[in-house]
Amino acid sequence: MTINNSEEFRDKPKFFGRRKGRTIRKAKSFLIENFLPRLRLSSAEKIDLDKCFAESKEKYCLEIGFGDGEHLAALAMTQPQNGFVGVEVYKNGVANLLSILTGIKEGDDCGEVDEIHLVSGRKDNVRVFDDDVRLLFAALPSGVFDKIYLLFPDPWPKKKHAGRRFVNPDNLRELSRLLKRGGILQIATDHQVYKRWVMEQMRNNKDFCWTAKCSDDWRNPPADWFETKYQRKAIREGRKPVFFEYKRV
Ligand SMILES: C[S@@+](CC[C@H](N)C(=O)[O-])C[C@H]1O[C@@H](n2cnc3c(N)ncnc32)[C@H](O)[C@@H]1O
């Protein structure tokens, strides 16, 4: 993505990642066809999150690029009082999230399933936008989220691809608008180039202040952290993730 403020670009941002990977097999295709429509948010009109859930929620949180959905599903399970919006373009990741939420896995005979239920004990507190989050921004009201998670975004480490990095002034303006005052933007990365990039972008941004008081605050995950797939991969491959927390001022 090159940073471009033209109206045309705003309507159709170019996406450079993968939308689909391995063939999505039976059970997960079944979930995408039959369960995703129940959770799916549409960007066609303005979204009122209070109307998206059957029960009222204390807080709303957004996770951008939730990957295989493990982190989002764990947050939603442990915070039943809150509502979660998860955004992911990668179809296989969306399918995986649905599998965690329903407990329906590859190999299960979906012909036997009359009605799809959430795993017992789960609240219906996750909604999904299965496309580029930049297409969702305009549909969301200002100041609606208490927390936004951006965990291990694609680093696009080559200088010539720097314009594709998600943390950029245009996206930060939107994230700042969506967060409540005092809300938190949590960014994790394991890539040296991206670490420096985030610090530089955020230092130049007057809407956010870094909450870290000492290096332990960003070298270690917060206390209530759930590991993500990319975090595990980074650790396996010898990279040390960092956890930046910025407060919306
Ligand atoms: C490196 S993966 C990290 C996934 C997950 N957060 C984790 O830590 O395991 C980055 C994810 O962000 C998603 N992504 C990148 N840009 C996006 C965008 N503009 N809107 C929605 N998802 C996006 C990609 O599809 C990919 O799954």
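Helices here are DSSP runs of H or I with at least four residues, numbered from the N terminus. Axes are lines fitted to C-alpha atoms, for helices over the stretch in contact, with angles from 0 to 180 degrees between N-to-C directions.

Okay, some housekeeping. This is a predicted model, so to speak of local features we ask for a pLDDT of at least 70, side-chain atom pairs count only at pLDDT 80 or more, and totals for chains, interfaces and linings use all residues. Residues are numbered from 1 along each chain as its sequence is written.

How confident is the predictor? pLDDT is its confidence in each residue, from 0 to 100. The mean for the protein is 93, and 95% of its residues reach 70 or more. Over residues 1-9, though, pLDDT stays under 50, and the model has ten contacts there beyond four places in sequence. Where pLDDT is low, the predicted coordinates should not be read in detail.

Now, helix packing. Helix H2 (residues 26-34) and helix H5 (residues 91-102) have axes that come within 9 Å and cross at roughly 90°. That makes H2 roughly perpendicular to H5, a label for angles of 65 to 115 degrees. Two residues are in contact if their C-beta atoms, placed from the backbone, lie within 7 Å. From H2 we get Lys28, Leu31 and Ile32, and from H5 Lys91, Val94, Ala95, Leu98, Ser99 and Thr102. By class, that's five nonpolar, two polar and two charged. Nonpolar means Ala, Val, Leu, Ile, Met, Phe, Trp, Tyr, Cys and Pro; charged means Asp, Glu, Lys and Arg; the others, Gly among them, are polar.

H5 also meets helix H4 (residues 70-78), axes within 9 Å, crossing at roughly 30°. H4 and H5 are therefore roughly parallel to each other, meaning under 35 degrees. Glu70, Leu72 and Ala73 of H4 touch Leu97, Ile100 and Leu101 of H5. This contact has five nonpolar, no polar and one charged residues.

How values were computed
Helices (H or I, at least four residues) and strands (E, at least two) are DSSP runs, numbered from the N terminus. Angles under 35 degrees count as roughly parallel, over 145 as roughly antiparallel, 65 to 115 as roughly perpendicular and the rest as oblique. pLDDT is the predictor's confidence in each residue, from 0 to 100.
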